[in-house]
Every structure is written in C-alpha cells, then in structure tokens.
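The entries follow the order in which I went through the chains.

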Protein chains: 2
Amino acid sequence: MGDILDSLTIALDVMSGDFGPRVVVPAALQALNHYPNLHLILVGPSAEITPLLPKHYQRLTIVESSSVIANDMKPSLAIRHSQGSSMRIALELVKNNQAQACVSAGNTGALMGLSKLLLHAIDGIERPALVAILPALNQRNTVVLDLGANAECNSDMLVQFALMGAILARTSLNIDNPRVALLNIGEEDIKGLDSIRAAASILKADKNINFIGYLEGNEILTGKTDVLVCDGFVGNVTLKTVEGLIKIFLSSTQLMTKRHSLLMKLVGHWLQKKMTKHFGHLDPNHYNGACLLGLQSIVIKSHGSANQKSFFAAIEQAILAIKHNIPERIATSLSSALPKSENN
Amino acid sequence: MGDILDSLTIALDVMSGDFGPRVVVPAALQALNHYPNLHLILVGPSAEITPLLPKHYQRLTIVESSSVIANDMKPSLAIRHSQGSSMRIALELVKNNQAQACVSAGNTGALMGLSKLLLHAIDGIERPALVAILPALNQRNTVVLDLGANAECNSDMLVQFALMGAILARTSLNIDNPRVALLNIGEEDIKGLDSIRAAASILKADKNINFIGYLEGNEILTGKTDVLVCDGFVGNVTLKTVEGLIKIFLSSTQLMTKRHSLLMKLVGHWLQKKMTKHFGHLDPNHYNGACLLGLQSIVIKSHGSANQKSFFAAIEQAILAIKHNIPERIATSLSSALPKSENN
C-alpha cells in the first residue's frame with residue numbers, strides 16, 4: 001500500500017451510521033470521481049461492499065472487518081470489544097500511516113475513546129473536541145466547538161477548545177486575530193456555569209487570545225464571533241436545533257406553494273431558488289463532518305443519519321483537514337501557548 | 001386596594017428590562033385597554049411613570065420604589081440589597097394578596113431567589129423552573145422547561161420539572177395523557193449526562209407519566225412531544241437559538257425582495273404574508289413571558305429585551321396563569337404524585 005501514501009488516502013468506516021454501506025459506498029464513489037488524486041480504503045465486509053461497486057473501479061481498497069460497534073453501546077464497553085470492528089480498523093490504518101484520515105458516522109463516544117487510545121491527543125490537550133465551521137449569514141464563518149465529544153467540560157477544557165478553535169480560524173479561515181466567545185445564558189460576567197466563568201477569566205488574561213466575552217444562543221449564526229466555545233452537550237443540542245429549524249424552513253417553501261395555481265407554483269419555484277440561495281448553505285447536508293480536534297491525526301465524525309450527499313461532505317472535510325495539515329499546526333501553535341505536560 | 005382583588009390584578013416591575021418604563025408603561029396601557037376587568041399596579045418611581053401616562057387613566061395604581069436590581073448583579077447580592085427595589089415590592093404585593101401575579105423583565109437569578117424567599121415553592125418542589133408553551137409546526141404546542149431559572153439541575157429537579165410540565169399540559173393545553181421527553185444528545189439510553197439518565201429511569205418507572213424517552217435538538221419544534229424537559233442552561237441557549245433563527249428567517253423575506261421590480265415587490269408582499277402565516281406564531285414577540293413554575297404564586301419573567309408587544313404578551317401570560325389557577329393545580333396534583341417533604 002506504500003505508493004498510496006504519495007497521494008491523498010482516507011479510510012472510511014463503511015459500517016457506521018444509520019445506513020452503513022448503502023450510503024458510505026455511493027458517497028465514496030462520488031468522492032473518487034470528484035478528486036482524481038484521492039484513494040479510499042473502505043473498511044467493512046467485502047460481501048456487503050462489493051455488490052455496491054461498479055465492475056471497474058480504481059483508487060479504492062477494501063479492508064475486511066468482522067464486527068460493528070453499535071450506536072447504542074456504552075463507549076467503554078464498545079472500546080473493550082472493538083477488536084475487528086470497522087471503526088477500530090479504520091483508525092488503525094491511520095495509526096499505521098496507511099491512511100491520512102478516518103471518516104466514521106459511528107458511535108461518537110466510542111470514536112472519541114478509540115481515537116484517543118490509538119491516535120493520542122496533542123500534548124496539552126485533555127480531551128479532543130468535535131469542531132465544525134458553521135456558515136454565518138453575513139458571509140462569515142464561525143468555528144464552533146465542542147459539538148458533542150464531551151458532554152461535560154471543565155474550565156481547562158473550554159480554554160483548550162478556545163485555543164484550538166482560534167488556531168483553526170487562523171489556518172482554515174485566514175483570520176488574523178480571530179474573535180473568541182463563550183456560549184452562555186447572558187452577556188453579564190455573573191451569568192452561567194462556574195466552568196464558563198472560570199474559563200472566561202483565564203481567556204481574558206491571555207494576551208494571545210482575542211476574547212470578546214459571552215454570546216447567547218440568538219447570536220449563533222450572526223457572525224459576531226469567529227470562534228464559539230461551549231461544552232459538548234450544549235453544542236450538540238444547539239447544532240441540532242439549528243439544523244432542525246433550517247430543514248423546516250427550507251421545506252416550508254414547498255408547503256407554501258402546494259394546492260395553488262400555476263402562477264403560484266412559478267412564484268414558489270422562484271421563492272425556493274431564493275431561499276436556497278439565502279439559506280441553502282446552512283443546510284446540514286452541506287457542512288456535515290465534524291473534525292475531532294486535538295488529536296495527533298485526523299478523524300472526522302459524520303452525522304449518523306447522513307445521506308450520500310452529506311457523507312460526501314464529511315469526506316471533503318477530511319480532505320480539507322489533510323490539506324491544511326490541521327493536527328500539526330495545532331500542535332505547533334499549542335506548544336508555545338500551553339505549558340508542557342510534566343509527563344513529556 | 002381591597003376592591004381591586006375582586007377582579008384581575010397584576011403587579012408590574014416597571015424598572016425591569018432593557019427599556020424600563022418606556023416599554024412597560026405603554027404595554028400596561030395596551031393591556032388595560034384590551035382587558036376591561038384588569039387592574040395593574042405599576043411599581044416604580046412615579047416621576048418616571050406619570051409622564052408616560054395619559055391625562056385620564058383608570059384601573060392603574062402606582063406604587064413607589066426607590067431602587068432597581070441591576071441585570072448584571074449577582075443574585076445573592078441583589079437579594080441582600082433588594083429592600084425598596086421595584087422587583088421586590090412587586091413580589092411583596094403578590095405575597096400580601098394585593099396582586100394575583102407579578103411580571104418582571106429583570107435579573108432572572110434575583111427574580112428566582114426573591115420569589116422563592118417571598119412566595120415559597122410548592123411542597124415537593126426543590127427549585128421552580130421557567131416554563132413556556134412553545135408553538136410547534138403541526139398546530140400542536142410544547143411545554144418546555146427549564147428555560148433558564150436553574151443553570152444546573154440534578155435528576156430530582158428534572159423529574160419534578162417533568163411532573164409540573166405534564167400538569168401544565170393537562171390544564172393549559174387540555175391534553176389528557178401528555179407525552180413527556182427529556183432533551184438529550186442522542187436517543188439511545190446511554191447518551192447524555194448522568195442527571196438525565198437518572199431522571200429517565202425514574203420517569204420510566206412512574207406510571208403516572210407518559211414518558212416517551214429522549215429527544216434531540218432537531219425535534220424541538222416538530223411537536224413530537226407535549227412536554228420537553230431540560231436544565232436551565234440548555235433550555236435557555238436552545239430557546240434563544242430558536243428565537244434568533246426565526247427572527248433571521250422572518251426578516252429574510254424583506255431582504256429577498258429588495259432591489260427588485262414592482263412585480264417582485266408584490267410577490268415579496270405575498271411571500272411575507274405567507275411566511276408570517278406559517279412562522280409568525282413562532283416569533284418570540286408572540287409568546288414572550290415564561291412562568292416561574294413551582295411557586296405558590298404566579299410570577300412571569302419577560303425577556304429583558306422585550307418591546308411593548310412582547311411585554312404585553314408577558315402580561316397576557318400572567319392573565320392566563322391566573323385564569324387557569326396554575327399554582328393551585330400544580331400543588332394539588334403534586335401532593336398525590338410526590339412524597340411529602342419531612343419538614344411539612
């Protein structure tokens with residue numbers, strides 16, 4: 001497999017997500033078609049994968065797996081019984097430098113735990129965080145983390161997320177001095193949880209961070225900050241709330257024009273184009289794929305319910321992370337910003 | 001003031017919110033105009049209130065206050081220095097049976113603390129919760145709590161919120177056997193925080209509760225449950241996220257038709273009517289006013305940023321709570337559902 005490493009190689013956990021091979025394999029073929037220098041390693045039972053492939057294909061390797069980590073399995077248990085699972089094998093391919101990134105739509109807790117176990121966190125990072133770059137309405141983007149890797153976070157973790165988020169905003173969004181905010185239930189100093197207030201006072205004192213204070217839920221898509229930090233529980237609920245609402249709005253244009261005259265149908269068509277232009281970029285299918293930031297390697301978590309289009313978007317996230325060399329940039333920037341761990 | 005008690009009497013904390021008398025006084029006049037049996041007690045300095053009143057008014061009393069609880073004041077400190085404040089005096093009017101409800105747009109923590117201190121929680125309720133009835137898209141409504149009174153909640157509190165929410169759904173929404181769900185980051189049993197999992201197992205075992213399990217953020221407005229329970233931090237962020245997005249969408253129809261021909265302007269007008277019909281009921285201005293559920297009396301918290309329309313909506317929430325006799329119904333239903341506190 002040596003020569004594959006000369007180009008872009010990504011391992012896909014084919015058995016993950018609600019639809020497994022039925023979604024992952026078509027998305028893989030689409031990605032191969034779209035990126036001529038891309039190689040994909042599909043991890044799963046070839047008996048399930050091969051029937052979904054065309055007669056002739058290239059830049060695609062199948063690596064057998066014998067089990068699947070269920071979505072409802074407790075992460076600690078899943079990790080203990082992970083030998084031979086598609087998720088673990090996909091991560092091992094990254095560990096052994098046979099792939100530069102792994103994409104999985106599987107059990108978030110297990111993916112987090114196995115990634116830490118096999119690929120290790122960057123020095124100075126307690127726990128990696130799921131991060132996504134969300135589109136804001138004024139043509140800006142916002143780096144949001146954690147989106148669900150850590151349901152509970154202490155202040156140190158929030159500060160580390162802020163540092164990593166700022167580095168990502170600099171490297172991926174080309175923002176010189178990114179604004180960093182903490183998501184909270186009020187803008188006043190006294191508001192929120194102890195962990196958030198403690199993180200705020202650390203960030204305020206850090207001259208390397210352009211900390212702008214607290215932002216509330218209604219500011220999530222307004223582009224008022226470049227980096228928005230929260231714990232994984234709140235981040236996950238909020239992201240899904242946004243996604244749910246946008247789906248409702250995008251589908252509403254269809255509902256609005258039902259049972260109407262031809263003229264209204266034409267108007268509806270125009271309206272739909274307009275709505276898609278204004279809000280289509282907020283469609284979760286367009287930005288699926290959250291990076292597990294803080295690992296020494298690249299792991300992308302896709303929505304469990306991803307369809308072909310959105311799993312393709314997750315593969316694209318992996319390609320971007322490889323191109324931007326995210327883990328190394330985070331490690332380099334952090335080594336100057338954070339005190340070294342005494343174990344190292 | 002005795003004869004006022006024969007009808008509907010509500011005390012308003014005039015000095016609360018971002019705009020104080022400028023919003024509260026016009027909203028009060030609007031409410032008096034709309035409800036002929038309503039009496040309002042405006043708590044604040046008459047020097048600031050009187051200039052905003054018409055020459056002749058009726059069913060309106062001014063009660064002087066000498067201070068205001070600032071929004072950025074720590075609740076414990078605010079409560080210690082609350083003597084003479086508009087918020088405290090408004091709550092004391094309820095305590096002394098001079099008003100049946102209090103409406104304030106002030107410091108949430110202080111309002112919660114002072115309400116507990118002066119008006120007491122219902123037996124069996126550790127901490128009252130902010131509740132609102134949110135409109136769902138399929139013409140159903142969802143009782144959502146806690147929306148920000150308790151940033152951190154243990155499992156017992158979540159269970160109490162579920163019980164209170166179900167009673168509210170029965171009494172206010174006329175739903176016989178309301179479905180109750182916990183907001184979580186996955187639908188599987190293993191997902192989420194310890195407090196949520198513990199609450200789930202208590203609710204599952206309770207035959208009086210129609211517990212349907214976990215719901216994720218994307219289901220918040222879909223009407224899949226009648227009662228949605230979460231801690232106050234998550235509830236507040238989520239509610240504000242929803243409000244922020246809906247504002248963006250409702251204003252988007254105006255943006256879409258700018259710089260267009262007359263025909264497009266006409267289409268835009270039609271579109272705006274349609275959008276308002278479909279989503280206008282989700283406009284935060286229409287459902288402002290969260291009830292502090294679990295108190296022996298009625299306290300309504302308005303958004304700090306409320307305008308006249310939305311403060312009027314908060315007054316209407318107080319009227320509804322009085323008409324439905326919410327505190328007494330909660331107390332009666334809970335006394336059979338919850339074990340009695342040993343102190344009573």
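What percentage of the 344 residues in chain A do buried residues make up? I noted first that I am working with a predicted model, and then that buried residues account for 58% of the 344 residues in chain A.

**Chain A, overall**

I looked up the secondary structure of chain A, which comes to 12 helices and 11 strands. I then turned to the contacts in chain A with a separation of 6 or more, and found that residues 24 or more positions apart account for 70% of them.

**Helix 4 of chain A**

I checked burial along helix 4 (residues 86-95) of chain A, where eight of the 10 residues are buried, so this helix is largely enclosed by the rest of the structure. The buried residues I wrote down are Ser86(A), Met87(A), Arg88(A), Ile89(A), Ala90(A), Leu91(A), Leu93(A) and Val94(A).

Where is the place of Ser297(A)? I located Ser297(A) in the loop between strand 10 (290-293) and strand 11 (298-301) of chain A. Its relative accessibility is 18%, and because the cut-off for buried is under 20%, Ser297(A) counts as buried. Leaving aside the neighbours within four places in sequence, I list Val94(A), Leu119(A) and Pro327(A) as the contacts of Ser297(A); Val94(A) is one of the buried residues of helix 4 of chain A.

I next looked up Phe249(A), which lies in helix 8 (residues 232-257) of chain A and counts as buried at 0% relative accessibility. I also took the C-alpha separation of Phe249(A) and Asp283(A), which is 10.0 Å for two residues that are 34 residues apart along the chain.

**Helices 6 and 7 of chain A**

For this pair I recorded both angle and distance, because two packed helices are described by the angle between their axes and the distance between the axes. The axes of helix 6 (residues 155-173) and helix 7 (residues 194-205) of chain A come within 8 Å and cross at roughly 50°, which makes helix 6 of chain A oblique to helix 7 of chain A. I noted the crossing of these helices of chain A as right-handed. On the side of helix 6 of chain A, the contact is made by Ser155(A), Asp156(A), Leu158(A), Val159(A) and Ala162(A), and they meet Ser195(A), Ile196(A), Ala198(A), Ala199(A), Ile202(A) and Leu203(A) in helix 7 of chain A. Sorted by class, this contact has eight nonpolar, two polar and one charged residues.

**Chain B**

I repeated the look-up for helix 6 (residues 155-173) and helix 7 (residues 194-205) of chain B, whose axes come within 8 Å and cross at roughly 50°, so helix 6 of chain B is oblique to helix 7 of chain B. The crossing in chain B is right-handed.

My last entry concerns helix 5 (residues 108-119) of chain B, which has 12 residues and reaches 16 Å from its first C-alpha to its last, close to the 16 Å expected at 1.5 Å a residue. I listed its buried residues as Thr108(B), Ala110(B), Leu111(B), Met112(B), Leu114(B), Ser115(B), Leu118(B) and Leu119(B). What do the buried residues of helix 5 of chain B pack against? I found that they pack against helix 3 (75-80), helix 4 (86-95), strand 4 (101-104), strand 5 (129-135), strand 10 (290-293) and strand 11 (298-301) of chain B.

Conventions. Residues are numbered from 1 along each chain as its sequence is written. Chains are lettered from A and ligands numbered from 1 in the order in which they are written. This is a predicted model: local features need pLDDT of at least 70, side-chain atom pairs count only at pLDDT 80 or more; totals for chains, interfaces and linings use all residues. Side-chain values use heavy atoms; hydrogens and water are left out. Axes are lines fitted to C-alpha atoms, for helices over the stretch in contact, and angles run from 0 to 180 degrees between N-to-C directions. Helices (H or I, at least four residues) and strands (E, at least two) are DSSP runs, numbered from the N terminus. Angles under 35 degrees count as roughly parallel, over 145 as roughly antiparallel, 65 to 115 as roughly perpendicular and the rest as oblique. A crossing is left-handed if the near helix is turned anticlockwise from the far one by less than a right angle, and right-handed if clockwise. The expected span of a helix is 1.5 Å times one less than its number of residues. Buried means under 20% relative accessible area, exposed over 50%, partly exposed in between (1.4 Å probe, protein chains only). Contact means heavy atoms within 4.5 Å. Ala, Val, Leu, Ile, Met, Phe, Trp, Tyr, Cys and Pro count as nonpolar, Asp, Glu, Lys and Arg as charged, and the others, Gly among them, as polar.
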